Amino acid sequence: METLTLALGDRSYPIHVGRSLLERADLLLPSLRQKKVAIVSNTTVAPLYLRRLAEPLQQAGVDVLEIVLPDGEEFKDWRTLNSIFDALIAGRCERSTTLIALGGGVLGDLGGFAAACFQRGMPFIQVPTTLLAQVDSSVGGKTAINHPQGKNMIGAFYQPRLVLADTDTLTTLCDRQLRAGLAEVIKYGLIRDLPFLEWLEINLERLLARDPAALAEAVCRSCRNKAEVVAADEREAGERALLNLGHTFGHAIEAGVGYGEWLHGEAVAAGTMMAAQLSHLLGWLDRDDISRVERLLQRGGLPVNGPMLNVERYLELMQHDKKVQDGRLRLVLLQQIGQAVLTEKAPLAQVRQAIAERTAHA
């Protein structure tokens, strides 16, 4: 096991990464305010891992309430959120009860937002079970639900007390979900960690083959990058926005085709290529750079072109992005491979061109 720390003063918390961690109640107990927890999971993850997490806690004298939700991005909404509140109230949970989110990014976002709201805030723990959640969404305290007009539009910054990433859960992940997680892993190399990108270019096939050592390295390196960024800019006033490379385009894809049709990582991959294409049109990346990004995403089995939505529809949806400020669209682009920048100066004509060029062969 390797333990990282997200440094936020008295709200700092550990990120444990390793194998066979679900059964390690000793890692969870110090973070509990009372000997009662509510484990929120879904119909896919619960049959695999809920008992492995719950039974050691129960043996340690912890009262466990189990809440199982339907699985899928389309359930990341008010109705599902309210069903969590119903279960917490029926189970007589208190402000000091800890909510444990056991699942992927959708589940972690839902569970975290429920914890932020219930009785004005209850402690929560992230136990991510997908690659995307382990390397990105479980770390940093972003919680949210979707709105039909925009992804993650309703939410809160609310930090967990602990992140427990058991890499053994990645062995049961379907290939599509594994590939989707790689989009967020590759992102870290593109925006700020060129040596990591070079490592990924060498070791991508090991990750696809689920080599345990390679997966652990990718999760730890990604979490270390995110922890450094969040510690410097918790509420996305500046540097943290760079973590959203490809996301403004990607969120438009998810909303435009309907939540759940494209996985988040798939949409981010196509969005990353749109951002790279726009960076090229601005003179920052050359054609070899574009090819380098495209090759790596393709090797990961990820899409490099977006769906054939009308370009104006893309722009309409992108205007709902949370980085829009004073009505101006701000985009995360690449000044060079390994160095991202947030800019609002990209001419709209070139934004349109980049979108069109990366949807032409979808």
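Student: At what angle do helix 6 and helix 10 pack, and how far apart are their axes?

Tutor: An axis is a line fitted to C-alpha atoms, for helices over the stretch in contact, and angles run from 0 to 180 degrees between N-to-C directions. Helix 6 (residues 175-191) and helix 10 (residues 264-281) pack at about 40 degrees, with axes 7 Å apart. That makes helix 6 oblique to helix 10, since angles under 35 degrees count as roughly parallel, over 145 as roughly antiparallel, 65 to 115 as roughly perpendicular and the rest as oblique. This is a predicted model, where local features need pLDDT of at least 70 and side-chain atom pairs count only at pLDDT 80 or more, while totals for chains, interfaces and linings use all residues. Residues are numbered from 1 along each chain as its sequence is written, and side-chain values use heavy atoms, with hydrogens and water left out.

Student: How do helix 10 and helix 11 run relative to each other?

Tutor: The axes of helix 10 and helix 11 (residues 287-299) come within 10 Å and cross at roughly 175 degrees. The two are therefore roughly antiparallel. Among the residues in this contact are Met 273 and Ala 276 of helix 10, and Ile 290 and Leu 297 of helix 11. The contact holds six nonpolar, three polar and two charged residues.

Student: How do helix 7 and helix 11 run relative to each other?

Tutor: Helix 7 (residues 194-208) packs on helix 11 at about 30 degrees, with the axes 10 Å apart. Helix 7 and helix 11 are therefore roughly parallel. Residues of helix 7, including Leu 197, Leu 200 and Leu 204, meet Arg 292, Leu 296 and Arg 299 of helix 11. This contact has six nonpolar, no polar and five charged residues.

Student: How many helices and strands does the protein chain have?

Tutor: Helices (H or I, at least four residues) and strands (E, at least two) are DSSP runs, numbered from the N terminus. The chain has 13 helices and 11 strands.

Student: What is the strand order in the open sheet of seven strands?

Tutor: Strands of a sheet pair through backbone hydrogen bonds, either parallel or antiparallel. Two strands pair if DSSP finds at least two bridges between them. The order is 1-2-9-6-5-3-4, with mixed pairing. Strand 1 (2-6) and strand 4 (63-69) are the edges, each pairing on one side only.

Student: Which way do strand 5 and strand 6 run, parallel or antiparallel?

Tutor: Strand 5 (residues 98-103) and strand 6 (residues 124-128) run parallel, joined by five bridges. Leu 102 stands opposite Val 127 of strand 6. Helix 4 (residues 105-117) lies across strand 3 (36-42), strand 4, strand 5 and strand 6, at about 170 degrees to strand 5.

Student: How many residues lie between strand 7 and strand 8?

Tutor: The two strands form a hairpin with two residues between them. Strand 7 (residues 142-147) pairs with strand 8 (residues 150-157) in the antiparallel sense over five bridges. Ala 144 has Gly 155 of strand 8 as its bridge partner.

Notes
Contact = heavy atoms within 4.5 Å. Nonpolar A, V, L, I, M, F, W, Y, C, P; charged D, E, K, R; others polar.
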